[in-house]
Amino acid sequence: MSAVFNFTFVPWFRSVAPYIHLHRGKTFVVAIAGEAIAAGKLQHLAQDLALIQSMGVKIVLVHGFRPQVNEQLAAKGHEAKYSHGMRITDTVALDCAQEAAGQLRYEIEAAFSQGLPNTPMAGSTVRVISGNFITARPVGIVDGVDFKHSGLVRKVDTAGILRTLDFGAMVLLSPFGFSPTGEAFNLTMEEVATSVAIELQADKLIFMTEIPGVRINPAEPEGEDNPIDTELPLAAAEKLLGQLPNPTQPTDTAFYLQHCVKACKSGVERSHILPFSVDGALLLEIYVHDGIGTMVIDEKLESLREATADDVGGILQLIEPFEKDGTLVTRDRTEIERDADLYTVIEHDGVIFGCAALYPYPEAKTAEMAALTVSPHSQSQGDGERILKRIEQRAKGMGLQSIFVLTTRTMHWFIKRGFVQVDPEWLPDARKRKYNINRKSQVLVKKLS
Ligand SMILES: CC(C)(COP(=O)(O)OP(=O)(O)OC[C@H]1O[C@@H](n2cnc3c(N)ncnc32)[C@H](O)[C@@H]1OP(=O)(O)O)[C@@H](O)C(=O)NCCC(=O)NCCS
């Protein structure tokens, strides 16, 4: 084995360790659009899910079957009918849905049963258990439209699902539910996944979808200056949802987002929209710091927000001890007052215990993150990282391509979070002129994806 391999593999594997520890014992509801299976992604998805499960995550898998049902309908010469963005399930469509679900369950169970030597599934023993965990009720007649066998979730057998997960199995759910009279109803994968995540109070709800996530500016076309918003605070997601038109198809931005917001508002702290087209998207989102899709996160515990002039006193109190011991450069008080709106703070019960400022250099498409500080009593709880993420979002919102920091003692913290060291010559001219040679600060840059 080459020494180069050792040098890359070992640090890489260690960098993943915190995420493995973090997620062990947690419950994730993973919803896979039928389009992912139609696109031939099942084998790799099964491999990744088996790996995640082997690292102690409890998984409820919900599959969709939109294209498969439509294919069956087309084969029978029957037209797919929709209203209010929902399928109208007549008797033929119900037959097709049952056939599609049966076929998909076999395919999914088969994918989790592989174990050939020298494949990622070698040695994996994933038990997949499906069942009648969902009770449904009919959608009924809405605005004069009879939805027939289309249903909505009425109840989730939480105890049954939890017992199955505790038994070490993966729970597999099709978008079907049954009424107490024994009637079958066709549900949507998104509603089943969201309801199950809420009832279980799952740690994550993850949608594997045909879209890459939510763009910073959803109304604008995709492009380098309009990347995916990797972290959307719940309040911002709700606001965005209010501005978007009602979704009619899965590729509409609001389609998955509405379910993420619903789950987050009902106690599922994190919900994600990921593209199934990216191989390993699940692993990249769960075990890598920046992730690749959009995560909607409930930040109700403390408020992470932009600062106002009223916060200047709190900011000064927080940074002063670090200015005194030389960790931070001393800033002019009037400068902080003038620039208050460039600061982001974390506040809890009226006390500011974290902050950072973002000084843009638009001509160089970059910005400096300065005065990143978390109160000594609150450190090591992830707040530094949350402030960094918010600063990255603000920079992306300004159309910038990178952020940089000058640091004398904290380089490793930044390097672990995707920054790389560059020569001070890299700095934008306006910042270079202020660079203090005697302080010998290191310059670290993070490219914004
Ligand atoms: C750097 C700082 C903002 C991090 O805030 P935080 O809320 O503790 O950060 P997180 O909880 O997201 O991360 C904590 C991790 O960073 C590590 N860490 C803290 N300071 C570090 C440093 N100087 N170098 C390397 N790692 C550091 C902690 O040990 C902890 O690791 P662990 O999770 O393995 O225990 C905070 O330590 C601080 O305010 N430091 C003093 C001011 C400062 O140095 N600011 C940077 C100016 S450029």
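Let's start with alanine 184 and its neighbours: alanine 184 touches Leu94, Gln98, His149, Phe176, Gly177 and Phe178, leaving aside residues up to four places away in sequence. Contact here means heavy atoms within 4.5 Å. Alanine 184 sits in strand β12, residues 184-186. Helices are DSSP runs of H or I with at least four residues, strands are runs of E with at least two, and both are numbered from the N terminus. At 11% relative accessibility, alanine 184 counts as buried. For that term, buried is under 20% relative accessible area, exposed is over 50%, and partly exposed is in between, with a 1.4 Å probe and protein chains only. One of those neighbours, histidine 149, is 35 residues from alanine 184 in sequence, and the C-alpha to C-alpha distance is 7.3 Å.

A quick word on what you are looking at. This is a predicted model, where local features need pLDDT of at least 70 and side-chain atom pairs count only at pLDDT 80 or more, while totals for chains, interfaces and linings use all residues. Residues are numbered from 1 along each chain as its sequence is written, and side-chain values use heavy atoms, with hydrogens and water left out.

Histidine 149 turns up again around aspartate 90. Aspartate 90 touches His78, Lys81, Lys148 and His149, again not counting residues up to four places away in sequence. Where is aspartate 90? In the loop between β4 (86-87) and α5 (91-113). Aspartate 90 is buried, with a relative accessible area of 10%.

Now, the aromatics. A pair of aromatic rings is described by the distance of the centres and the angle of the planes. We pair rings of Phe, Tyr and Trp (the six-membered ring for Trp) if their centres lie within 6.5 Å; planes under 30 degrees apart are stacked, over 60 edge-to-face, and the rest tilted. How many aromatic pairs does a search of the whole structure find? Ten.

Take phenylalanine 207 and tyrosine 256: their ring centres are 5.4 Å apart and their planes stand at 45°, so this pair is tilted. The pair links distant parts of the chain, with phenylalanine 207 in strand β13 (residues 204-209) and tyrosine 256 in helix α9 (residues 253-265), 49 residues apart. Phenylalanine 207 is buried at 0% relative accessibility, and tyrosine 256 is buried with a relative accessible area of 0%.

Then there are tyrosine 361 and phenylalanine 404, with ring centres 6.0 Å apart and planes at 35°, so that pair is tilted. Tyrosine 361 belongs to strand β19 (residues 351-361) and phenylalanine 404 to strand β21 (residues 402-407), so the pair ties together parts 43 residues apart in sequence. Tyrosine 361 is buried at 9%, and phenylalanine 404 is buried at 0%. There is also an aromatic cluster, formed by Phe9, Trp12 and Phe13.

Let me zoom out to finish. The secondary structure comes to 15 helices and 23 strands. The radius of gyration, taken over C-alpha atoms, is 25 Å, close to the 22 Å that the globule rule gives for 449 residues, so the protein is as compact as a globular protein of that length. That rule is 2.2 Å times the number of residues to the power 0.38. Along the principal axes, the C-alpha trace spans about 80 × 60 × 40 Å. Buried residues make up 49% of the 449. Of the contacts with a separation of 6 or more, 70% are between residues 24 or more positions apart.
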